[in-house]
Amino acid sequence: MAKQKLVVVGNGMAGARAVEEVLSRAGNQFEIVMFGNEPYGNYNRILLSNVLNGSQGADDILINPLDWYAENGVTLHSGELVVDIDRAAKVILTESGKREHYDKLLIATGSRAFIPPMTGAHLANGMLKAGVFGYRTLDDCSAILDYVKRSRRVVTIGGGLLGLEAARAMMVLGAESHIVHLAGHLMEMQLDVAGGAILRKAIEDMGILVHVKKLTTEVLGADKVTGLVFKDGETLDCDMVIVAAGIKPIPSSAFARVLRSSAPSWSMITCARSTTRTSMWSGNALSIAAACTVWSRHCGSRAKSSPTTSPAPTRRPPITVRSSRPS
Ligand SMILES: Cc1cc2nc3c(=O)[nH]c(=O)nc-3n(C[C@H](O)[C@H](O)[C@H](O)COP(=O)(O)OP(=O)(O)OC[C@H]3O[C@@H](n4cnc5c(N)ncnc54)[C@H](O)[C@@H]3O)c2cc1C
């Protein structure tokens, strides 16, 4: 039986995990091609704060190093941004001009750091002002680690789990670390007021300064950040800002156009109902995991009649998820 080509856009935690599952259940049925915007193999994003605070190196958090893809017969195009999908021709296109035909397409493009509207956060060219960072990728970590070397006071915007981890890392690295948070207490999505007060004391005891009920309206500085302005008129001088104020889902606008124009026939729900007729899937880590289960059951039942000849993929221990967060 001729192999179908499965193209996976997004080489993050969901995309790579989905591919592992397909390999283990129906590896002989698909030629698998992956596109990832990041220039690495798949890594455990959940452990990024360990890289930031120096307790682990980037290599330590790799789940599927580049060798893994070759060993398992998966073609990975890393550092390639997929910008469009031609649904009629069943082809995806990348920013660098690559085209790849697919029989089945899985979109697992995850999210990016959300930068809330703040005057002066971006330069005229749309890039973040020097000293202002989102926090989502290994590249973000590298850039933060580089910039903090020449920073005295670092402000982290966002007092959720991610912000707390980032602020602690800045403290560990020797900066004067501040957290600026919109709500009245830290981690207000998870904790009540009393819990928030206990947490705040623990954070302050570490030496991190906490500012609550602060809406940041402006990032000061011509070419690089020199301070923040809040809605109440107060200001805070700083050399560096890490924004940990939530995430914004990708797909990019090009994808969004395609997805908007698509009939619901390719959605996760339909995928679960009618696996055989669906040729596109998308979703976050959770929904892709669910879809993979449904899909691989389907593949598994077909595999029974056509025994697998491909090598078993390298198994790895399950990822330890330290806390529950929306993806
Ligand atoms: C520091 C940190 C700590 C976290 N801690 C926890 C935790 O404790 N518990 C928890 O449950 N969750 C945690 N999360 C969230 C968790 O990492 C995400 O839920 C998970 O990574 C989502 O997986 P994903 O594959 O959907 O997206 P991602 O891991 O974001 O992967 C998507 C990939 O797709 C690529 N991509 C996007 N668009 C394109 C395109 N057009 N072309 C090619 N490639 C593209 C991106 O570059 C990225 O590599 C944490 C996140 C961070 C940043």
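Helix α5 (residues 161–172) has 12 residues, which at 1.5 Å a residue should span 16 Å, and its end C-alpha atoms are 16 Å apart, in agreement. The expected span is 1.5 Å times one less than the number of residues. Helices (H or I, at least four residues) and strands (E, at least two) are DSSP runs numbered from the N terminus. The model is predicted: local features need pLDDT of at least 70 and side-chain atom pairs count only at pLDDT 80 or more, while totals for chains, interfaces and linings use all residues. Residues are numbered from 1 along each chain as its sequence is written.

Of the 12 residues of α5, 10 are buried (20 or more other C-beta atoms, placed from the backbone, within 10 Å of a residue's own). Among them are L162, L164 and M170. The buried residues of α5 pack against elements including α4 (138–148), α6 (193–206) and β18, contact being C-beta atoms, placed from the backbone, within 7 Å. G174, which follows α5, has a positive phi near 100 degrees.

Five strands form an open sheet in the order β11-β18-β12-β13-β14, with parallel pairing; two strands pair if DSSP finds at least two bridges between them. Because β11 (132–134) and β14 (209–211) stand at the edges, each with a single partner strand, one side of each is left without a neighbour in the sheet. β11 and β18 (residues 240–243) pair over three bridges, and V132 has V241 of β18 as its bridge partner.

Strands β15 (residues 216–220) and β16 (residues 227–230) pair in the antiparallel sense over four bridges, with T216 opposite F230. Six residues lie between the strands of this hairpin, where G221 takes a positive phi near 120 degrees.

Notes
Two residues are in contact if their C-beta atoms, placed from the backbone, lie within 7 Å.
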